[in-house]
Amino acid sequence: MELDVELELPDAADTEALGERLAAGLGPGDLVVLSGPLGAGKTVLVRGLARGLGVAGPVTSPTFVIAREHRPLPGGAGVPLVHVDAYRLGGAAELDDLDLDTDLADAVVVVEWGEGVAERLSARHLLVRLTRRPDDVRVASVHRVEERP
Ligand SMILES: Nc1ncnc2c1ncn2[C@@H]1O[C@H](COP(=O)(O)OP(=O)(O)OP(=O)(O)O)[C@@H](O)[C@H]1O
Ligand SMILES: [Mg+2]
């Protein structure tokens with residue numbers, strides 16, 4: 001996976017495929033933070049992560065649920081995926097209430113709308129930025145972020 005470069009994603013299938021590729025490098029304890037506006041394709045990318053890890057679906061945009069755990073399926077990587085949508089979260093204290101640090105011990109945690117709040121869960125994370133161009137092509141960039149001591 002090439003980091004810090006802009007990747008053009010013409011179709012939803014391309015965004016899902018990016019998620020699937022990212023999943024290959026993820027394991028328990030890995031945090032993925034997704035940023036980008038409404039409809040940018042964050043949930044589509046999570047669908048790809050779920051497929052890549054081989055967890056039970058479906059991955060949806062939760063209306064009331066803020067965090068959902070997808071359990072490993074036989075034949076998959078054996079790692080659960082915890083999908084969080086922080087859009088409706090009031091802030092860091094509410095994030096803490098989800099006890100995601102416990103989940104993170106043995107799962108991959110992905111947080112939509114997580115930039116600025118989810119970083120507290122881990123000293124290092126993968127940041128995926130998604131934007132939507134006027135021609136509807138999505139542009140993604142993947143960054144490895146480490147907190148400096
Ligand atoms: N290249 C593309 N990548 C991703 N989604 C695309 C693309 N082209 C079209 N789409 C469509 O755009 C929509 C993206 O929706 P999605 O729910 O993934 O956005 P989101 O970033 O999660 O939004 P929200 O902030 O509301 O959660 C889907 O309906 C998808 O089919
Ligand atoms: Mg979404």
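With 149 residues, a compact globule would have a radius of gyration near 15 Å, and the chain agrees with this at 14 Å. This is a predicted model. Its C-alpha trace spans about 40 × 35 × 35 Å along the principal axes.

**Fold**

- The chain has four helices and seven strands.
- Along the sequence, these elements follow the pattern β-α-β-α-β-β-α-α-β-β-β.
- Take the contacts between residues at least 6 apart in sequence: 62% of them join residues at least 24 apart.
- Of the 149 residues of the chain, 37% count as buried.

**Nonpolar core**

- In soluble globular proteins, nonpolar side chains tend to be buried together.
- The largest nonpolar core in this model holds 39 residues.
- Five of its members touch the most other members: Leu 49, Leu 81, Val 108, Val 109 and Val 110.
- Two helices are among the elements that each supply at least two residues of this core: helix 1 (12-23) and helix 2 (42-53).
- Strand 2 (31-35), strand 4 (81-85), strand 5 (108-112) and strand 6 (124-132) also each supply at least two.
- Helix 2 gives the most to this core, with six residues.
- Leaving aside residues up to four places away in sequence, Leu 49 touches Gly 19, Leu 22, Ala 23, Leu 81 and Val 110.

**Around ligand 1**

- The shell around ligand 1 has 18 residues.
- Thr 15, Gly 41, Lys 42, Thr 43 and Val 44 come nearest to ligand 1.
- Helix 1 and helix 2 each supply at least two residues of this shell.
- The shell divides into six nonpolar, six polar and six charged residues.

**A buried charged residue**

- Asp 85 lies in strand 4.
- Is Asp 85 buried or exposed? Asp 85 counts as buried, because 23 C-beta neighbours lie inside 10 Å, and the cut-off for buried is 20 or more.
- How far apart are Asp 85 and Thr 102 in space? They are 17 Å apart, C-alpha to C-alpha, and 17 residues apart in sequence.

Notes:
Residues numbered from 1 in each chain as written. Chains lettered and ligands numbered in written order. Predicted model: local features only at pLDDT ≥ 70, side-chain atom pairs only at ≥ 80, totals over all residues. Core = buried A, V, L, I, M, F, W, Y, C linked by C-beta atoms within 7 Å. Buried ≥ 20, exposed ≤ 12 C-beta atoms within 10 Å, placed from the backbone. Contact = placed C-beta atoms within 7 Å. Near = placed C-beta within 6 Å. Nonpolar A, V, L, I, M, F, W, Y, C, P; charged D, E, K, R; others polar. Rg over C-alpha atoms; globule rule 2.2 N^0.38 Å.
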